[in-house]
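Colleague: I have not worked with this structure before. Could you take me through its side-chain contacts?

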Amino acid sequence: MNAPHSAGRRRALLALGGATLLAGCGFQLRGARPLPFDSIYLNMYQYSELAAAIRRQIRANGNTIVTDKAEDAQVRLEVLADRKEKVILALNTQGKVREYQLRHRFIFRLVDVKTGQEALPNNEIFLYRDLAFDDTQLLAKEQEEILLYRDMLNDLVQQLLRRLSAAKMPAAAPTP
């Protein structure tokens with residue numbers, strides 16, 4: 001009769017010990033990193049899927065406002081290149097495509113609106129995914145391509161926010 005009660009106590013102690021070890025080693029989930037500026041203007045087509053995803057993530061971080069006008073923002077995100085490509089990687093013996101590589105190249109910089117100085121110089125995020133292709137499953141492969149591009153978009157936004165959070169804001173000019 002005492003054995004089941006003792007097993008439950010043992011499990012509770014093991015769970016408590018495991019939680020203590022995790023807390024003691026410094027483990028914590030990667031959370032939102034605050035951005036070092038109060039407001040940002042996205043110098044890109046505001047209705048694009050990428051702009052919407054960036055806006056959503058910045059708002060989720062909570063401490064930075066996305067403005068509609070450049071002059072209302074502390075910094076401006078300038079997109080220098082945003083290209084998606086689909087490149088043939090391999091052909092089969094009949095000369096038909098067997099594998100593609102989907103690529104997304106995003107080049108940007110972050111500029112302080114008031115001083116015109118770069119808070120973050122030109123940066124490039126280059127993502128790619130390989131896509132095996134089978135022309136007998138055209139519809140399924142089309143859907144897989146859409147999902148891979150969406151995954152790349154999410155990855156791009158996460159990388160962009162990590163880089164933006166590391167931006168070094170120019171020192172404010174001393175006031176006379």
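Colleague: Where is N154 found?
Modeller: N154 belongs to helix α3. Please keep in mind that this is a predicted model.

Colleague: Is N154 buried or exposed, or partly exposed?
Modeller: N154 counts as partly exposed, since its relative accessibility is 44%.

Colleague: And how far is N154 from A53, in sequence and in space?
Modeller: In sequence, N154 and A53 are 101 residues apart. In space, their C-alpha atoms are 7.6 Å apart.

Colleague: Let us turn to charges. How many salt bridges does the structure hold?
Modeller: There are 9 salt bridges in the structure. One of them pairs E124 with R105, with 2.1 Å between the closest N and O atoms.

Colleague: How accessible are E124 and R105?
Modeller: E124 is partly exposed at 37% relative accessibility. R105 is also partly exposed, and its relative accessible area is 25%.

Colleague: Which residue meets R129 in a salt bridge?
Modeller: The partner of R129 is D151, at 3.0 Å from N to O. R129 lies in strand β5 and D151 in helix α3, which spans residues 138-165, so this pair ties together parts that are 22 residues apart in sequence. D151 counts as partly exposed, with 37% relative accessibility.

Colleague: Staying with helix α3, how far apart are K141 and E144 there?
Modeller: K141 and E144 are 3 residues apart in helix α3, a separation of about one helical turn. Their side chains form a salt bridge, at 2.9 Å from N to O.

Colleague: Is K141 buried or exposed?
Modeller: K141 is buried, because its relative accessible area is 13% and buried means under 20%.

Colleague: Which residues do salt bridges with shared partners join into one network?
Modeller: That network consists of R76, E78, R109 and E118.

Colleague: A change of topic: how many aromatic pairs are there?
Modeller: The structure holds 4 aromatic pairs. Among them is the pair of Y45 and Y47, which is edge-to-face. The ring centres of Y45 and Y47 are 5.7 Å apart, with 70 degrees between the planes.

Colleague: Why does that angle make Y45 and Y47 edge-to-face?
Modeller: The 70 degrees between the planes of Y45 and Y47 place the pair in that class because planes over 60 degrees apart count as edge-to-face. Y45 is exposed at 58% relative accessibility, and Y47 is exposed with a relative accessible area of 64%.

Colleague: What is the geometry of the pair F126 and Y128?
Modeller: F126 and Y128 form a tilted pair, 6.0 Å centre to centre, with 40 degrees between the planes. F126 is partly exposed at 34% relative accessibility, and Y128 is partly exposed with a relative accessible area of 45%.

Colleague: Finally, which ring does the charged end of K84 sit over?
Modeller: The charged end of K84 sits over the ring of Y149, at 5.1 Å from its centre.

Colleague: And where does K86 lie?
Modeller: K86 lies over the face of Y100, 4.5 Å from the ring centre.

How values were computed: Residues numbered from 1 in each chain as written. Predicted model: local features only at pLDDT ≥ 70, side-chain atom pairs only at ≥ 80, totals over all residues. Heavy atoms only, no water. Salt bridge = Lys/Arg side-chain N within 4 Å of Asp/Glu carboxyl O. Buried < 20%, exposed > 50% of the residue type's maximum accessible area, 1.4 Å probe, protein only. Helix = DSSP H or I, 4+ residues; strand = E, 2+ residues; numbered from the N terminus. Phe/Tyr/Trp six-rings, centres within 6.5 Å; stacked < 30°, edge-to-face > 60°. Lys NZ or Arg CZ within 6 Å of the ring centre and 35° of its normal.
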